[in-house]
Amino acid sequence: MDNKQYITRLSRRATLNYKETQQLVTSAIAMITEVLSQDDSLAIPAFGTFESEKKDEYIAVDEESGRRMLYPPTVTAKFTPGTILTKSITEGNQK
């Protein structure tokens, strides 16, 4: 499902028009991004938890040149699905 299909289906389910639903989704994504950029986590009951995950800098050997290289620290987003979401997906796949 692409973004346009998602917005269309969500707007029908929420009984909102397409533009309102699109703004709602954009705002939700912006909120998640803001929370993660502040090194905080966001737990949505029955859905899951979004967290920012820091990875330290490390030294590795570049396979092509054979030189040791220092890779900088990175911050990535991590999502852990909640129990209810996991169960509903599992049950849906068993049908």
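In the description below, a residue is called buried when its relative accessible area is under 20%, exposed when this area is over 50%, and partly exposed in between, as computed with a 1.4 Å probe on protein chains only. The structure is a predicted model, in which local features need pLDDT of at least 70 and side-chain atom pairs count only at pLDDT 80 or more, whereas totals for chains, interfaces and linings use all residues. Residues are numbered from 1 along each chain as its sequence is written, and side-chain values use heavy atoms, with hydrogens and water left out. Helices (H or I, at least four residues) and strands (E, at least two) are DSSP runs, numbered from the N terminus.

Helix α2 covers residues 18-37, 20 residues in total. From its first C-alpha to its last, α2 reaches 28 Å, close to the 28 Å expected at 1.5 Å a residue; the expected span is 1.5 Å times one less than the number of residues. Within α2, the residues Thr21, Val25, Ile32, Val35 and Leu36 are buried. Viewed down the axis of α2, these buried residues fall within an arc of 100 degrees, so they line one face of the helix; the arc is that of the directions from the helix axis to the C-beta atoms. An α-helix has 3.6 residues a turn, so residues three or four places apart point the same way. The buried residues of α2 pack against α1 (3-14), β1 (42-44), β2 (48-55) and β5 (74-81), where contact means heavy atoms within 4.5 Å.

The face of α2 turned away from the buried side carries the exposed residues Lys19 and Ser37. Lysine 19 has a relative accessibility of 57% and therefore counts as exposed. Just after α2, aspartate 39 takes a positive phi of about 60 degrees.

Strands β1 and β2 run antiparallel and are joined by three bridges; two strands pair if DSSP finds at least two bridges between them. Leucine 42 has phenylalanine 50 in β2 as its bridge partner. Three residues lie between the strands of this hairpin, in which alanine 46 takes a positive phi near 70 degrees. Strand β2 also pairs with β5, in the antiparallel sense and over eight bridges. Here glutamate 53 has threonine 76 in β5 as its bridge partner.

Two salt bridges are found in a search of the whole structure, a salt bridge being a side-chain nitrogen of Lys or Arg within 4 Å of a carboxyl oxygen of Asp or Glu. In one of them, the side chains of lysine 54 and aspartate 39 meet at 3.5 Å, N to O. This pair links distant parts of the chain, 15 residues apart, with lysine 54 in strand β2 and aspartate 39 in the loop between α2 and β1. Lysine 54 is exposed at 58% relative accessibility, while aspartate 39 is partly exposed at 45%. A salt bridge also joins the side chains of lysine 78 and glutamate 53 (3.9 Å, N to O). This pair is 25 residues apart and likewise links distant parts of the chain, with lysine 78 in strand β5 and glutamate 53 in strand β2. Lysine 78 is partly exposed, with a relative accessible area of 35%, and glutamate 53 is partly exposed at 31%.
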